[in-house]
Amino acid sequence: MTRPIISPTRPIVVLTGAGISQESGLDTFRCAGGVWSKVRLEDVATPEGFRRDPELVQEFYNARRRSLTEPHIQPNPAHHALARLEKEWPGGVLLVTQNIDDLHERAGSTQLVHMHGELLKVRCLRCDDIMPWARDVTMDTPCPQCRRAGGIRPHVVWFGEMPLEMDRIGDALDGCVLFVSIGTSGHVYPAAGFVAAVRQRGLAHTVELNLDPSDGASLFNEAQYGPASELVPEFVDELLTGL
Ligand code: BV8
């Protein structure tokens, strides 16, 4: 399908998944050797798993927090291209990420929703405080706010929990003229349902940029397959050249 003229005065919504961070050195979930091939998501990414063995879950996120804060883990050209798009697209860009890493922020994106939470934050179940956290957590770690131990958990959305800022995301999907899905398998809902919601309104052009076709590939008007660090900068260049 040829791409229609995208009015630069109208907003864009971008959805990203683990694939955009893969070339930065972070594992994806469902590719060969991915996170879910090493540990059962039921054990480490559900409230039931946390109740059953909280220290196992804390260590799963401690290991990912330690990896993310290693110096060689840096934003890649795809993250930087999206930060540039936000700066230069007159109609505004909302970046909705399923990722819990901070690579979009570090690349300069600010209009950003972490719908599955953030690895570098924790939440206290005793006082509901949400705080930045880059160190290890155990069930003995006291909350700096209420001083009580045993209540600190990753500020991450597990399976069966409601993703964050869904109203803001829904409003953005309703008003966008371009929806771009990058680096996601389209396997996890409700994120995987966003493209269908946008198509239903019939006012936006939908694009998939991925290493290979996602579960929802047939729902996109346009698709390009290859590494995000190559596809995303080219795609953003094309959008901005037309301004
Ligand atoms: C909820 C935790 C409801 C943080 C994650 C229908 C409707 C609603 C819900 C459901 C539904 N059907 C089923 C459900 C339940 C469930 C679900 O979707 N299950 C799946 C398994 C079928 N959904 C939920 O439970 C959600 N909650 O719906 O709540 C509710 C209602 C009322 C009240 C309470 C609750 C919660 C979902 C969030 C779960 N948490 N993670 C963490 O530990 O990270 S999700 C997990 O998968 C990851 O966080 C990740 O964000 C997410 C999606 O994975 P992807 O990012 O797509 O990664 P993946 O590896 O799968 O794919 C990578 C892609 O990149 C590949 O396509 C690959 O080709 C590509 N790629 C690789 N390298 C590159 C590349 N592309 C470009 N360049 C490269 N270099």
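**Entry 1: ground rules**

I note that this is a predicted model, in which local features need pLDDT of at least 70 and side-chain atom pairs count only at pLDDT 80 or more, while totals for chains, interfaces and linings use all residues. Residues are numbered from 1 along each chain as its sequence is written, and side-chain values use heavy atoms, with hydrogens and water left out.

**Entry 2: Glu230**

Helices here are DSSP runs of H or I with at least four residues, strands are runs of E with at least two, and both are numbered from the N terminus. I then checked the accessibility of Glu230, which is partly exposed at a relative accessible area of 48%. The scale calls a residue buried under 20% relative accessible area, exposed over 50%, and partly exposed in between, with a 1.4 Å probe and protein chains only. I also looked up a distance: the C-alpha atoms of Glu230 and Asp102 are separated by 20 Å, and the two residues are 128 residues apart along the chain.

**Entry 3: the whole chain**

I recorded nine helices and nine strands for the chain. The radius of gyration is 18 Å, close to the 18 Å that the globule rule gives for 243 residues, so the chain is as compact as a globular protein of that length. That radius is taken over C-alpha atoms, and the globule rule is 2.2 Å times the number of residues to the power 0.38. Along the principal axes, the C-alpha atoms fill a box of roughly 55 × 35 × 35 Å.

Of the 243 residues in the chain, 51% are buried. The chain exposes about 11,300 Å², and carbon and sulfur atoms supply 54% of that area; the areas come from the Shrake-Rupley method with a 1.4 Å probe, and for residues only the protein chains shown count as cover. I next turned to contacts, meaning heavy atoms within 4.5 Å. Among contacts in the chain with a separation of 6 or more, 64% are between residues 24 or more positions apart.

Why is strand 8 described as largely enclosed by the rest of the structure? Six of the six residues of this strand, residues 205-210, are buried, so the strand is largely enclosed. I checked both faces: His205, Val207 and Leu209 lie on one side, Thr206, Glu208 and Asn210 on the other, and all are buried.

The bridge partner of Asn210 in strand 9 is Tyr225.

Which elements make a right-handed β-α-β unit with strand 8? I found strand 7 and helix 8, residues 194-201. Right-handed means that, with the strands pointing away from the viewer, the path from the first strand over the helix to the second runs clockwise.

**Entry 4: cysteines**

I counted a disulfide as a pair of cysteine sulfur atoms within 2.5 Å, and the count came to zero. The sulfur of Cys127 has its closest cysteine sulfur in Cys124, at 3.6 Å, which is too far for a bond. For Cys143 the closest cysteine sulfur is in Cys127, at 3.7 Å, again too far for a bond. Cys127 is partly exposed at 26% relative accessibility, whereas Cys143 is buried at 1%.

**Entry 5: a loop**

Last, I examined the loop between helix 1 (19-22) and helix 2 (41-44), which holds Thr28. Gly34 lies in this loop between helix 1 and helix 2 as well. Thr28 is buried at 10% relative accessibility, and Gly34 is buried at 2%. Leaving aside neighbours within four places in sequence, Thr28 is in contact with Ala18, Gly19, Gln22, Gly34 and Val35. Gly34, not counting residues up to four places away in sequence, touches Thr28 and Phe29.

How values were computed
Pairing = 2+ DSSP bridges.
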